[in-house]
Amino acid sequence: MIKSQYKSIGKNIQRRDVSGKIKGDSQFCADIELKDSISLKVLRSGRHHAVIENIDVAEAMKIPGVLKVFTARDIPGENLMGIINRDQPLLAHGKVRSKADPVALVAALTDDIALKALKAVDVTYTDLVPLLDIEDALAENAPKIHEKGNTLFTRRIIKGDAKTAFEDCHSIVEKQYKTLAIEHNYIEPDAGAGFVDEDGTLVIYASTQNPHYDHQEVVNMLGVEESRVRIIQAVTGGGFGSKLDLNVQGFIGLALYHLKRPVRYIYTREESYLATAKRHPFIIDMKTGTDKNGKLIAIKMRACCNTGAYGSYGIAVATRAAVHGTGPYQIEHVDLECSCVYTNLTFCGAMRGFGTPQAAFAHESQIDIHAQKLGIDPLEIRIINGLKKGSINGTGQKLTDSVGFHDCLKSVKPYYEKASKDWVKQKTSPFIKRGIGLGGMWYGIGNTGVQNPSTARIEIDLKGRVTLFTGCADIGQGSTTILSQIAAEVLGILPEQVRMVVGDTKLTANAGATSASRQTYISGNAVKDAAEKLASVLLTAGVNKLKVSKSMLEFKDHCIRVSGNPNKSVDFAWLAQRIHAKGGSLSWQGYFDPETIPFDPETGQGTPYSTYAFACQLAFVEADVLTGEVNVKKIVAAHDVGKAVHPENVIGQICGGIAMGVGFALMEEFEFGKTESMKDYHIPTCADMPEVIPIIVESDEPTGPFGAKGVGEPALIPTAPAILNALNNALGKRIYNLPANLERVLKASIESGHFSPK
Amino acid sequence: MVNIKFKINGQKKALNIHDDMTALAVIRSLLKLTGTKEGCGIGECGACTINVDGKAVNSCLMLGAQLDGTTVVTVEGLAAKDGLAPVQKAFIENHGVQCGFCTPGILMSVNALLQEIPDPGHEEISKTLAGNLCRCTGYSQIFTSVKEAARLAGQGDQHG
């Protein structure tokens, strides 16, 4: 085995934040106790679509202990939010577009008083026609939910001539796939707290994936100077995309602005379910064609996602679904289209994979159907078509480096071949059917075809101590640990010697959102850039002291020394003092923005991402044909992450993604208006989990920090496709709608004649 | 209002509480022990798990009045003065923690399990933790952590 050249990269060091978390000391938003803090509660419309005729708060204001009832009129700045398109008011004005729309905000001394006041607010509505699904919203005379109409956005990706190419295809498969809304269901319900500090700054503690975006929105909403608002990311109990939108930050900001006293707002689980974003439900029509050898020639996709009342990340979801519609396969003729449509449901937004998991369900089903039709092995057809170095994807981008899809397939192959021979054929109860299935995936790292830079700052003090300042929100995935490893690697110190200041808009610069699996790659590069600048000035000072060239120096144990010679060294404190005395800077800023080329507006051709992650998962399932129960026994998961900066963290992402994928495949279904609490919505427990065999594939990305890409979302994407393909293998019947719940599995097994075994 | 006396994390407490107050509210709001979390309020997620007389209990489903006469341990009471409990060490070393919101509840479920069954098998761990939801980890590293905790505890690395 080759010994790694790295000291920190690739090491399973202790997580930065774990000590507080296992002792119960970590302060999540709901744990922050501000003296004499008051309570906030939102009145939500409770109706799908209506004009607000009048809001009367007089009775509510008479209740003792009620401090203020806010409505849209109390918002001093712009009453609109949205990271991509600004269409969502903090408090409804004019009309409401979903049952979750906030109409009034009550500030009171206690929760109980606030709840009482909600009941006393008298709102007069005139109901409008509710549009609950895509079909209704697109009907000819449908009322407009927003002024611009009900289609928010359409993304097209067109390459070659799919229409003509289909004429020459040997195998053509055309199917419709449907997926439903999914709740993120992080275990920490949304919460926040805030106070006004002695300088008059509104300080807001947030459970967030993007503190700098929150900051911008609150500043804009209040119409105040940027320095008047400070967002501090509290310890955050998961996000998975939902905490990219503001949850309570705007309400807290508004109350602080007017009342200038400490506030706290903790959503109940029920309010979190009702009011926060969901995964977009999709309808996908997909047509693919191959030659007689199974080579994919053409693809046509018409997909539509339901974004509910507001855009949130809907445009990004539709864009990702379109770009990733080909799957990790080279296809010459591409005609992909995905639209995003408003309805009167609670808004849908980002959730782990932004539409790619939905698209992957379609393309991975398609490729298996082709394999079956052509009598080609499912692994073989993926090998035939898989993207490799030099391949050109659907957007016309040539993939030049770090294309590890074939390595993922190769890693899974021994398990696949053995299972095909042994496990599938082993005798079970006559009512238990076994099957295996593959799921492939690719995923662009970072935001799609737009700038999405990160910045970081590193500082050394006169005692030689290094501090890294980053706006990158660690929501539990471990980015703070990863970034400390990257800085430490550059400076030859231990990761725990890097002091970390994270997610505080007063102290840190914008690192962009913790989303799109981008932080290791993009913020990692920004940190590396900052650390290298600091390293360079330290080296220059070292040259002056040690009288040898830079190339002969190395970083070691908080010192710079002549390579291999511990006696000729100088420590960081001396170097820092020297630099300072000479008027040099001890603080350096790093920056990275991945190279992308925006889409051509007509054809969608461009370079949407500078690098992609790849994966293949193999699922082993048992289906009980009498009950419809599906037991996922094992998942082998091979993921090309570029370079695993912290392998156990990568495994944690893979296993967590698979759990979410099992839920997406088999059990999760958020029914608007019906799913109210965790009694009605079931996420996988440990008893639902398969054995997971994670395989880390490292295909160095030259533009990544020490070769790293990302894994957060890729972990989830292939799981549901692999399970659904395995179910088809077990039952001899394919399911086209997710989740494959008991009813659907039972129906499939009845249709394929398994119900009465011979 | 009702008077209750109980022992929590080694300390005696005498409180006068509202009749309808949950044990979770007593612990979080009155005693300011915020390590115990509220994830759902209806006994589905297990984030509020505490140990009452050695048993794992969802504190959101328990009335504060029922604490009277009991001995309670919360996550803050797991560690001995001279260091972490085996279960805490095991979760750190085996990467059983991501966002950490479910962690206190899981640690308390495991703590009760190991007191009852010092060397639990996969099925016993699975049965115990099926009431503690985690959305981050996929449970795999949690299982490894629990097995390691049992091993450490068995070696005499006992709490206290």
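User: In what sense do β19(A) and strand β27 of chain A pair, and over how many bridges?
Analyst: They pair in the antiparallel sense over 13 bridges; strands are DSSP runs (E, at least two residues; helices H or I, at least four), numbered from the N terminus, and pairing takes at least two DSSP bridges. This is a predicted model, where local features need pLDDT of at least 70 and side-chain atom pairs 80 or more, while totals for chains, interfaces and linings use all residues. Residues are numbered from 1 along each chain as written, and chains are lettered from A and ligands numbered from 1 in written order.

User: What stands opposite A:Met441?
Analyst: A:Ala615, in β27(A).

User: Which strands make up the sheet, and in what order?
Analyst: The order is β19-β27-β28-β29 in chain A, an open sheet with mixed pairing. Its edge strands are β19 (432-444) and β29 (691-697) of chain A.

User: OK, other topic. How many residues of chain B are in contact with chain A?
Analyst: 39 residues of chain B, against 41 of chain A; contact means C-beta atoms, placed from the backbone, within 7 Å.

User: Which elements of chain B give two or more residues to that side?
Analyst: α2 (86-93), α3 (103-116), α4 (122-129) and α5 (140-154) of chain B.

User: And what does A:Val106 touch?
Analyst: Leaving out residues up to four places away in sequence, its contacts include A:Leu40, A:Val66 and A:Leu118.

Conventions
Two residues are in contact if their C-beta atoms, placed from the backbone, lie within 7 Å.
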